[in-house]
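The sequence and model come first.

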Amino acid sequence: MKQRLLLFLALLLTTFGGARANEVEIGSLEGAENDSYLPMNSLYNYSYTQQIYTADEIGTGGTINSITMWLYGNANLYDIPFDIYMVEIDKEAFASTTDWVAVTENDIVYSGTVTVHNTEAEAYTFELSTPFEYSGEGNLVIAFNNTTGSWASGLTGMVFGADSDPVRAIYARRDNGAYDPYNPTFPALSTTYKRNVITLDITPAGGSTCARPENLVVSDISDTGATITWDSEVGSYKFEYKKNADAEWTAIVLTEATYELEELTANTAYQARVKAVCGPESESGWKTISLPTEKP
């Protein structure tokens, strides 16, 4: 029987054109689906959603200045008033339809409205009225509270994910009364592995100007190895890899934008990540590869 090597190959952080050094893009529009529940549901008077984006996906700490999402709708949509909350937590997934993350008034980062009349997905950027200070150590919860009080069909967000992914989104909608995000005792309609494709504009902690590596490519896949390359103009890199089940990473310092993994264990899932080093006090965030596949 042919052995399989499970490697984390497909990008969770995919570039959409020429990203600036402080743009963190999670998910890909390529293969994305439309979803009427995330980030908000316009078909009901009120809706509330939470999504978890992991520290590995974000890859850097710093000040989050804005969030961009891809939405579309129709001419029936009205101005939708909503609040965005952000919280940094240790939780990695939602365990049930009552496993909400409690937020406070201090966690509101945006209050405003949006009107979506385009019939194909377009980018909507929400500049945070209160920029969020993200340490980069924990996972990030992004919550949307739709407080409209009326409904019209049509709002759709672009989402990514596979049914083998962890359950990292939870959503509720109803006509009778707004949700209280400060006391989330209400049950959600459901949980899901799907999440919105997003871009976070982040000013890195410490003022780093080091651009993250992009366009990770995996080639020469064998039963026990593979070659990983990336695009970067920086001359030094920190590269790490580990078995998915392990806590510790194997760390390597490189001066070329490529590394050949060898002597890996067959039938075992791995993670790999890389960051650029511009100087003693300037590093980019991690770029992570993270989808298991088998040897061709």
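**Aromatic pairs and ring contacts**

Trp100 and Phe186 are both buried (under 20% relative accessible area; exposed is over 50%, partly exposed in between; 1.4 Å probe, protein chains only). This is a predicted model: local features need pLDDT of at least 70, side-chain atom pairs count only at pLDDT 80 or more, and totals for chains, interfaces and linings use all residues. Residues are numbered from 1 along each chain as its sequence is written, and side-chain values use heavy atoms, leaving out hydrogens and water.

**Ring pairs**
- The whole structure holds 14 aromatic pairs (Phe, Tyr or Trp rings, six-membered ring for Trp, with centres within 6.5 Å; planes under 30 degrees apart are stacked, over 60 edge-to-face, the rest tilted).
- Trp100 and Phe186 have ring centres 5.1 Å apart and planes at 55 degrees, so they form a tilted pair.
- Trp100 is in the loop between strands S6 (80–89) and S7 (108–114), and Phe186 in the loop between S11 (169–174) and S12 (190–192), so the pair ties together parts 86 residues apart in sequence (strands are DSSP E runs of at least two residues, numbered from the N terminus).

- Phe239 lies in strand S17 (residues 237–243) and Tyr259 in strand S19 (residues 258–261), 20 residues apart.
- Phe239 is buried at 1% relative accessible area; Tyr259 is partly exposed at 22%.
- Ring pairs join Trp230, Tyr237, Phe239, Tyr241 and Tyr259 into a cluster.

**Charge over a ring**
- Arg173 places its charged end over the Tyr44 ring, 4.2 Å from the centre (NZ of Lys or CZ of Arg within 6 Å of the ring centre and within 35 degrees of the ring normal).
- Arg174 lies over the face of Phe186, 6.0 Å from the ring centre.

Technical notes: Helix = DSSP H or I, 4+ residues; strand = E, 2+ residues; numbered from the N terminus.
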